[in-house]
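Welcome, and thank you for taking a look at this protein. Please have the sequence and the 3D view open as you read along.

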Amino acid sequence: MKKIHPGRFLKLNMIRLLRLKKGAHQVAIGFSVGLFPSWYPLIGIGPILSLGLTRLFKGAMPAAIFAASLDSFVWPLTFFLNYHTGHFLVTLWRSSSLPASMPKIDIPDWPEDYMQPIHQSHHWRDAGVDFITGAAVNSVIFAIIIYIVIKWVMLKYRIPLLRRLRGKKVHPSASQKD
């Protein structure tokens, strides 16, 4: 089996997306819903979930497959964005919901050996809450943004992009508009 270079693979899949007989709406739905699970740590079931969601929302399956294949390249960025967005939102929510002065609570003098694991578990729990909050917010916001951008590109630049990628003249009736 012959290996395909990443640039050639990307070009081939872009041509496939632009040549789809489906309308711009279905391609945009397929791409945005296909990329939706990449915001969550769904080890192994992300591509299957993206195909199921694409079928549920009646999007283009090739667009969802291409978006799901981008997940392996995008996950470090999504992980970073999830944590920092969630941390910002949770900090914002906590600062607005806490009273101005906290009551003084007396904690018995426990040895430091017992207190350290308690502090560490509190820190890890907060990191998980930050991550899940960020993932929920980012997945919805970026799905909407990706849908709008892909639909706009498909409606406005489908034929010129095909011409540029293929290097040939494309007949205008070859693509279908929404």
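Predicted model: local features only at pLDDT ≥ 70, side-chain atom pairs only at ≥ 80, totals over all residues.

Residues are numbered from 1 along each chain as its sequence is written, and side-chain values use heavy atoms, with hydrogens and water left out.

**The chain as a whole**

The protein chain has 178 residues, and 29% of them are buried. Here buried means under 20% relative accessible area, exposed over 50%, and partly exposed in between, with a 1.4 Å probe and protein chains only. The chain exposes about 12900 Å², and carbon and sulfur atoms supply 68% of that area; accessible areas come from the Shrake-Rupley method with a 1.4 Å probe, and for residues only the protein chains shown count as cover. Among the contacts with a separation of 6 or more, 77% join residues 24 or more positions apart, a contact being heavy atoms within 4.5 Å.

**Empty spaces**

Rolling a probe the size of a water molecule over the atoms shows where empty space is left. On a 1 Å grid over the protein atoms alone, a cavity is a set of points where a 1.4 Å probe fits but cannot get out, and a pocket is an open set with protein on both sides within 12 Å along at least five of seven lines; lining residues have an atom within 4 Å of a point. Grid points are joined across faces, edges and corners, and a volume is the space filled by probe spheres set on the points.

The largest pocket holds about 270 Å³ of space. Of its 17 lining residues, Y40, P41, L42, D71 and W75 are the closest to its centre. Helix 3 (46-56) and helix 5 (71-97) are the elements that give two or more residues to this lining, and helix 5 has the largest share, with six. By class, the pocket lining has ten nonpolar, six polar and one charged residues. In this scheme Ala, Val, Leu, Ile, Met, Phe, Trp, Tyr, Cys and Pro count as nonpolar, Asp, Glu, Lys and Arg as charged, and the others, Gly among them, as polar.

There is one cavity of 30 Å³ or more, and the largest cavity holds about 40 Å³. G34, P37, S38, G46, P47, S50, A68 and D71 line it, and helix 3 supplies the largest share, three residues.

| Residue | Relative accessibility |
|---|---|
| S50 | 1% |
| T78 | 4% |
| I132 | 49% |

S50 is found in helix 3 and counts as buried because its relative accessibility is 1%. Its side chain reaches the backbone oxygen of P47 at 2.8 Å. Beyond its neighbours within four places in sequence, S50 touches V33, G34, P37, A64 and A68.

T78 sits in helix 5. Leaving aside neighbours within four places, T78 is in contact with S38 and W39.

I132 belongs to helix 6 (residues 112-166). The C-alpha atoms of I132 and N82 are separated by 7.3 Å, although the two residues lie 50 residues apart along the chain.

Conventions. Helix = DSSP H or I, 4+ residues; strand = E, 2+ residues; numbered from the N terminus. Polar contact = N/O pair within 3.5 Å; in protein donor to acceptor, adjacent residues only side chain to side chain.
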